[in-house]
Amino acid sequence: MTNYQGKDIVIVGLGLTGLSCVDFFMSRGVMPRVMDSRTSPPGMDKLPDGIECHCGGFEPQWLLDADLIVASPGVAVSTPELDAAAQAGVEIIGDIELFAREVTVPVVAITGSNGKSTVTSLVGEMGRCAGLRTGVGGNIGLPAPELLKKEYDLCVLELSSFQLETTFSLRAAAATVLNVTEDHMDRYPQGLEQYRAAKLRVYHNAAVCVYNAEDALTQPGCDCNSAEYVSFGSDTGDYWLDTEEQALYFHGEKLLDCSEMILHGQHNYCNALAALALADAVNIPREGALQALRTYSGLAHRFQLVHEAAGVRWINDSKATNVGSTEAALNGLRVDGCLHLLLGGDGKSADFSPLLPYLSGDNIRLYCFGRDGAQLAQLRPDVSVLTDTMEQAMRALAPVLAAGDMVLLSPACASLDQFRNFEVRGHEFTRLAQELSA
């Protein structure tokens, strides 16, 4: 364990992550100081007595006097006050680095632009199905320092690019970058390569690097000293999807028919392959891993089968709040009958044209609603129905459904024009699916 006794520790950013860091240091007999740029940050009411806290901005002298700064992921290390402290020689780390310095069990580390929450929770479920005490956290679930409080056989972490920027000591037993597409460009002024470089940090000192054979941006750089490289993909890779047979393979060995999985969609089959590769890398018994694939129903609002009746499947992908997420849902999607696709909401000035290649053919109907519904309907006016609300759209499609059809809410837009958040939108979709089926 690292000795922090006598150190001047400053935690930048409260919330769940900041509170977990406060608890981490106090459990080691160290009283950190806390600052947050927000005037009333979440978690203020949960700060222990005696903790000095500066809110409404950064206190430069605290930062310059610190022996160690622990910055929350939401605070960019390029912030002028943090940059000045770094230039003065103050060490700046994040909560994942705190965890990495202390953890003694194997760690699976997962990052990527899309799918990382699903793969993280799936690997966690594989561990549990195999009888391993498995902790899941990081960017989802528990903050990483919280995982140090219990005895686990294995820890599975979802990691954002922000978290990886301030992580240096992680030695993952298995690590993956699932995919790299443009995101968070406001934090990466040098563009995609700067963002990618942050993602690739997950491979540093990893024993096994699992990469996407169909995305060259996920391949480890030549500076990676990994003992082993493993790949996954559709129709290619060590772990691969037979798209004709719809089955998962490891080299020439068939592992599972996709029909045995509750998860649907080619992107989820590739997520399953990545999870299998990671599970094998840390010796999760294969039987437990496959059992998890048969029973895992996915995260709420992420291509989730929420209702099935009269041969019609209703899929809630309300978490698809941008074009890239909807592309992932549509890529390789197979529907026996007609696909009834619900699109709409606040597009945040997005370019919807990348969706066009997925909207061809005669077996698709678009139901567009919300602030940018009219713009989305122009993608294919010949098969589009335009309504004000999602409920109106669903009531319009219900009478024409037939066995073999799929109703997919994958809106490619934020929900805030008509809903409090994407979760509320997904719950409303589920409620209406059940009502309209009855």
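Keep in mind that the model is predicted.

**The sheet and its helices**

Let's start with the five-stranded sheet. It is open, its strands pair in parallel, and they line up as S3-S2-S1-S4-S5. Strand S3 (53–55) and strand S5 (91–93) sit at the edges, each pairing on one side only. From one strand to the next, the twist averages 20°.

Strand S2 (residues 33–36) and S3 run parallel and are joined by three bridges. Here Met35 stands opposite His54 in S3.

Two helices lie across strands at the other end of the order. Helix H3 (residues 80–87) covers strand S1 (9–12), strand S4 (68–71) and S5, while helix H4 (residues 95–102) lies across S4 and S5. Here is how they run:

| Helix | Lies across | Angle |
|---|---|---|
| H3 (residues 80–87) | S1, S4 and S5 | about 150° to S4 |
| H4 (residues 95–102) | S4 and S5 | about 90° to S5 |

**Domains**

Zooming out, the chain splits into domain 1 (9–93), domain 2 (98–295) and domain 3 (304–437). How do domain 2 and domain 3 meet? Seven residues of domain 2 touch eight residues of domain 3.

As for the interface as a whole, domain 2 and domain 3 bury about 710 Å² between them, and 46% of that is on carbon and sulfur atoms. The centres of these two domains, taken over C-alpha atoms, are 29 Å apart. What does turn up is three residue pairs in polar contact between the two, with both residues at pLDDT 80 or more.

**Salt bridges**

Searching the whole structure gives 24 salt bridges. One of them joins the side chains of Lys149 and Asp23, at 2.7 Å from N to O. Lys149 lies in the loop between strand S7 (134–138) and strand S8 (154–158), and Asp23 is in helix H1 (residues 15–26), so this pair ties together parts that are 126 residues apart in sequence.

Key
Residues numbered from 1 in each chain as written. Predicted model: local features only at pLDDT ≥ 70, side-chain atom pairs only at ≥ 80, totals over all residues. Heavy atoms only, no water. Pairing = 2+ DSSP bridges. Helix = DSSP H or I, 4+ residues; strand = E, 2+ residues; numbered from the N terminus. Axes fitted to C-alpha atoms, helices over the stretch in contact; angles between N-to-C directions. Contact = heavy atoms within 4.5 Å. Domains from an automatic or database assignment. Buried area = accessible area lost by both parts, 1.4 Å probe. Polar contact = N/O pair within 3.5 Å; in protein donor to acceptor, adjacent residues only side chain to side chain. Salt bridge = Lys/Arg side-chain N within 4 Å of Asp/Glu carboxyl O.
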